[in-house]
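Dear colleague,

Please find below the sequence and the structure that I am handing over to you. My notes on the findings follow directly after them.

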Amino acid sequence: MSKSNTTTCCYCGVGCGIVVNKDAQNNITVAGDENHPVNRGLLCSKGMNLHYTVNDKSDRLLYPQMRYNKNMPLQRVSWDTALERTAAVFKALIDKHGPDSVAFYASGQCLTEEYYIVNKLIKGFIGSNNIDTNSRLCMSSAVVGYKMSLGEDSVPISYDDIELADCIFVAGANPAWCHPILWRRVEAAKAKNPDLKIIVSDPRRTQTCALADLHLQINPGTDITLHHAIANCLITDGQTDSSFIHQHTNGFEIYQENVLNTSIAEAAAICGITENDIRTAASFIGHAKGFLTMWTMGLNQSVVGTNKNLSLINLNLITGHIGKPGSGPFSLTGQPNAMGGREVGGLSNLLPAHRNLTSEADRNEVETFWKIPLGTIDAKPGLTATEMFDELNSGKLKAIWILCTNPLISLPDVRTAEAGLKKARFVVVQDISNKVETLKYADVVLPAAAWAEKEGTMTNAGRYISHLSKVVDAPEEALPDAEIICRFAKKMGYPGFDFSNPSEIYLEHAALTAGTNIDISGLNYEILKEKRAVQWPYPQNAPPAGTARLFTDFKFHTADKKANIHSFSDENLSERLSPERPLILTTGRIRDQWHTRSKTGKVTKLNQHLSETFLEINPADATARNINDGDLIEVASARGEVRVKAKYSSDIKVGVVFMPMHWGLINNYDLHRVNNLTNNLVDPVSKEPDFKYSAVEVSLYEKP
Ligand code: SF4
């Protein structure tokens, strides 16, 4: 006999609903949830193979482990021993060096309850803001973009707006591979409405471009120039919404002067496309009744990521396409719960419910709620993701607790990050996999429960909150992440962590949002299980499905309720190319792998898509270097090198090369990880790294 449970996919930010069936041997199978408003029964290749990752426990961490000094091997210990040692070390470091000597590095794959509890622990009780997550590597530029433009980190649209749009501008994203089920909706919308115009801007001709009416194959780093040039055409052709601009925005006059400064001909030359391309894009947008902008890492992962975001959101604002059916800026989150992490304030510069760390009133509100003395929460932001590893290198940060992420593959300039981890006084790794590279440097290893082994919630790219059921027990002594953190907090002697189940944590988090712009105080697990997914805000007495669309009254969350149109230069501040390193390296995802492959890497079917890493290179660049398709090559930057096979592709521009972000988790990981090559530049405001632009050279690999 089998038993069905509903849950949510743990991979990308689309957030598809899944029905899980379990047999008498506790093996599970999965199917798309037909009642889920996000995917309506569909699943992509990753989602439909999720059961393999649960049924195969051969790579799982099963017991807590510890080493007493850096030269000893890890040994199995009890939970009490592991957590008491960790608490003793943390207390000693905090006493001697202050609370900022420790840090937590978490993940956009953590459940909201887990995020909430870690954030409460470090900000409210340890007294440091040193919590950041790998979401810093993917979404922080969008967070800042929304805050600066709309006054709040709020994705204003609903997925249903896809069917209502008649122009969709996909900028720096490949949703056909990276957000497949969302893209199925775009494909269906296009099939139904051939007048729906799709514009894609990307230096690579990706699968997404197959559906595009217009592919703008721009040079890397020229997005702002492109957006400004489109704005120039819209203004010149009288296709802006003057009344919306006048009544609901600030800053248009300076912006207008700025974007009219560069001619369309100059912009086309900078972007590497034709003037006609730019004018066509503007014409599609100008004639649209519903206009959606959709973007992800191509804009976010940039040294000018904030400005790229602002320049795209500006296109929605000057055309008045926001708060209306089929219209609005829509950032696609990479991870399944990047948005949930932002809601609980799980980044080094945030407080719960999008409160401001720098506001004393906001800090006091949280302190009162957490029943801690006023003044406990520091006003100074903590260390961001890359800063944590820098400060391990400098010695200022002594201890780091890494949960649910694999920074030795995913951080930029990763050899420097690895050097930091080597120098760390104390490293805790909390994970499901016994293969993650960080284990090499762990003083304490804590085995965590995986997807389907724990209960909680996540928020997807469209503000839809959905529930995840516990379907099977975690193997051996593995525990849910929230329980691990609560047990540790109690070992530290802190009150406020006595939860008997995740639902109680969720209710506490929900109560703390009351009265804020993201109020979900009307929500609980029962409602989520029944509705499958609801969009925040969801205050008491909210409509059953929550709030589909924000800003329908055109009142934004700024002081004067007007949206801000920002002006800035279109300069790209990325690493400079040189005669020694004349190629631009851009990195990203492939269709069937997820992050550093700790789950997808063990699924045979998924490995069949692309079984090993590679460097995508235009044949013109390859032949100029005597490189044939499939040759073993060395790719080198100022930081390091990798050895991979060359993959010819005329879909990538001359002068640009691409490598997937996923590979590691194997012997000789240092040979394959692309982040040996990437640089450590970050956007000055969002602190998001510049993964999409590093100067490299490529040569045939010759054995020494
Ligand atoms: Fe999972 Fe994303 Fe695929 Fe949906 S589209 S099944 S959320 S990986």
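Is lysine 371 buried or exposed? Lysine 371 counts as exposed, because it has 9 C-beta neighbours inside 10 Å. For this term, a residue is buried if 20 or more other C-beta atoms lie within 10 Å of its own, exposed if 12 or fewer, and partly exposed in between, with C-beta atoms placed from the backbone.

Two remarks on the basis of these notes are needed. Residues are numbered from 1 along each chain as its sequence is written. The model is predicted, and local features need pLDDT of at least 70, side-chain atom pairs count only at pLDDT 80 or more, and totals for chains, interfaces and linings use all residues.

Backbone features

Lysine 371 has a positive phi of about 60° although it is not a glycine. Its place is in the loop between α17 (360–370) and α18 (385–394); helices (H or I, at least four residues) and strands (E, at least two) are DSSP runs, numbered from the N terminus. Histidine 354 also has a positive phi of about 60° without being a glycine, and it lies in the loop between β14 (350–351) and β15 (355–356). Histidine 354 is buried, with 21 other C-beta atoms within 10 Å. Tryptophan 536 and proline 537 are joined by a cis peptide bond, with omega at about 0°. Proline 537 is placed in the loop between β21 (534–535) and β22 (563–564).

Domains and cores

The protein is divided into domain 1 (65–134 + 359–449 + 479–522), domain 2 (140–332) and domain 3 (583–700); these bounds come from an automatic or database domain assignment. The centres of domain 1 and domain 2, taken over C-alpha atoms, are separated by 37 Å.

The largest nonpolar core has 173 residues, and those with the most contacts inside it are Ile168, Ile230, Ile285 and Ile400. Such a core is a set of buried Ala, Val, Leu, Ile, Met, Phe, Trp, Tyr and Cys residues joined through C-beta atoms within 7 Å. Helix α4 (residues 112–126) gives the most to this core, with seven residues. Domain 1 and domain 2 both give residues to this core, so it lies between them. A second, separate core of 25 residues includes Phe614, Ile652, Phe658 and Leu677.

Isoleucine 400 touches Ala103, Tyr105, Met388, Leu392, Ala424 and Val427, not counting residues up to four places away in sequence. Contact here requires the C-beta atoms of two residues, placed from the backbone, to lie within 7 Å.

Proline 336

Proline 336 lies in the loop between β13 (328–331) and α16 (338–343). It counts as buried because it has 29 C-beta neighbours inside 10 Å. Proline 336 and cysteine 10 are 326 residues apart in sequence, yet 5.8 Å apart in space, C-alpha to C-alpha. Leaving out residues up to four places away in sequence, the residues that proline 336 touches include Cys9, Cys10, Tyr11, Cys12, Gly108 and Met458.

A helix pair

The axes of helix α12 (residues 264–271) and helix α13 (residues 275–286) come within 8 Å and cross at roughly 105°. The contact is made by Ile264, Ala265, Ala267 and Ala268 of α12 and Glu275, Ile278 and Arg279 of α13. Axes are lines fitted to C-alpha atoms, for helices over the stretch in contact, and angles run from 0 to 180 degrees between N-to-C directions.

With kind regards
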